[in-house]
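Please keep the structure open while reading.

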Amino acid sequence: MGTHKIGVIMNGVTGRMGTNQHLIRSIVAIREQGGVELANGNTVIPDPILVGRREARLEELAASHGITRWTTNLEEALADDYNQIYFDSQTTVRRAEGIRKAIAAGKHIYCEKPTATNLEEAIKLSELATEAGLKNGVVQDKLYLPGLMKLKRLIDSGFFGEILSVRMEFGYWVFEGDWQEGQRPSWNYRKEDGGGIIVDMFPHWSYVIQHLFGTIRSVSCLGATHIPKRLDEKGETYKATADDAAYGTFELENGIIVQANSSWAVRVNRDDLLTVQVDGTEGSAVAGLRDCKVQHRVNTPKAVWNPDIPNPFKFQDDWLDVPENQVFDNAFKVQWEMFLKHVVADEPYDLDLMEGAKGIQLAEIALQSWEERRWVDVPKVKNKVNA
């Protein structure tokens, strides 16, 4: 059995997500385990070249993780035939340009979302990659969170009967930066820099809803900028021009109603930073990032509204944990392994640039709904090359 190395250009890897999830917990972890085993018994090992604008940071990052290749010259990395995959985790406003250059250089594309700043550009990237015959994928990590994988297991088993509704609660309090340092970069709160919770989170809700519950027919969304001023990384006050909260309702083609609250200005009083409650005729479930609990119809307490007496139920005691029943790996790493197998061994993979475009479409429609204060239908989007 043989071992095959594949050069991977990692652009924007010095950012928070690029460093932690994609480099350390995915690529470095895959290298430390000896690579990814293919169905034919061969092994593929990713050989990264780190790309960014800060030379000292790249050198430090590479040295810390046993990586020998790094550069501030993207064109040089793209010109090297050894590098077959281009990965992009830059800020959103820079991503499309990098992907276009990589497609022109004949590299397979894997990137963070949103894939572009608008739907038209996102579709164009998909078309360019298709025309060039290049494999492409978009990070859709939440599909591989243990909690949501357990939820998918319940759906596939028919546990819920007919699913009626879904309620998603996401968010936490992001400190303003005055007495406590903020947990997110300041550009997240500047619309002109590609910030905003709608453009950040609705692409996630797009693929989560689609893969778990069904196709979205229409959207109603109200956004808000609850915290108007914040302090940036230098301690300087700036005006928050992007939304930090969004309250969305989604009507699915199968009749399921999904409500999704997303906020960086909410204090957490729930089991996790993301919880997804699914209610069906036969049972209900609440999934977090790692855990999932269920309540079947026969275990449902008979609640009666009577505010004149103390509540006789401890409602949360009537739920059962869904067992692990498998080993769950890091969600980002799982998807990296899938994409590497797709590129090297042509294994199936459908989370492509067109799927990423659907996420941008949902964000744009949510923003339109907020601006026009109405429900907006979600039309089908197509890659004209494949149409």
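## Basis of the description

The expected span of a helix is taken as 1.5 Å times one less than its number of residues, and helices (H or I, at least four residues) and strands (E, at least two) are DSSP runs numbered from the N terminus. The model is predicted, so local features need pLDDT of at least 70 and side-chain atom pairs count only at pLDDT 80 or more, while totals for chains, interfaces and linings use all residues. Residues are numbered from 1 along each chain as its sequence is written, and side-chain values use heavy atoms, with hydrogens and water left out.

Helix 9 covers residues 353–372, and because its 20 residues should span 28 Å at 1.5 Å a residue, the 28 Å between its end C-alpha atoms agrees with expectation. Its N-terminal end is capped by aspartate 352, which places a side-chain oxygen 3.2 Å from the backbone nitrogen of methionine 354; just after the helix, arginine 373 adopts a positive phi of about 55°.

Helix 5 (residues 119–131) packs against helix 9 at an angle of about 175°, with the axes 9 Å apart, where axes are lines fitted to C-alpha atoms over the stretch in contact and angles run from 0 to 180 degrees between N-to-C directions. The two helices are therefore roughly antiparallel, a label given to angles over 145 degrees, as against under 35 for roughly parallel and 65 to 115 for roughly perpendicular, the rest being oblique. The contact (heavy atoms within 4.5 Å) involves, among others, Leu119, Ala122 and Ile123 of helix 5 and Leu353, Met354 and Ala357 of helix 9.

## Histidine 22

Histidine 22 sits in helix 1 (residues 16–32) and counts as buried because its relative accessibility is 0%; buried means under 20% relative accessible area, exposed over 50% and partly exposed in between, with a 1.4 Å probe and protein chains only. Its side chain makes a polar contact of 3.0 Å with the side chain of tryptophan 336, that is, a pair of N or O atoms within 3.5 Å, of which, within protein, one must be able to donate a hydrogen and the other to accept it, residues adjacent in sequence counting only if both atoms are side-chain atoms.

## Tryptophan 70

Tryptophan 70 lies in strand 4 (residues 70–71) and, at 28% relative accessibility, counts as partly exposed.
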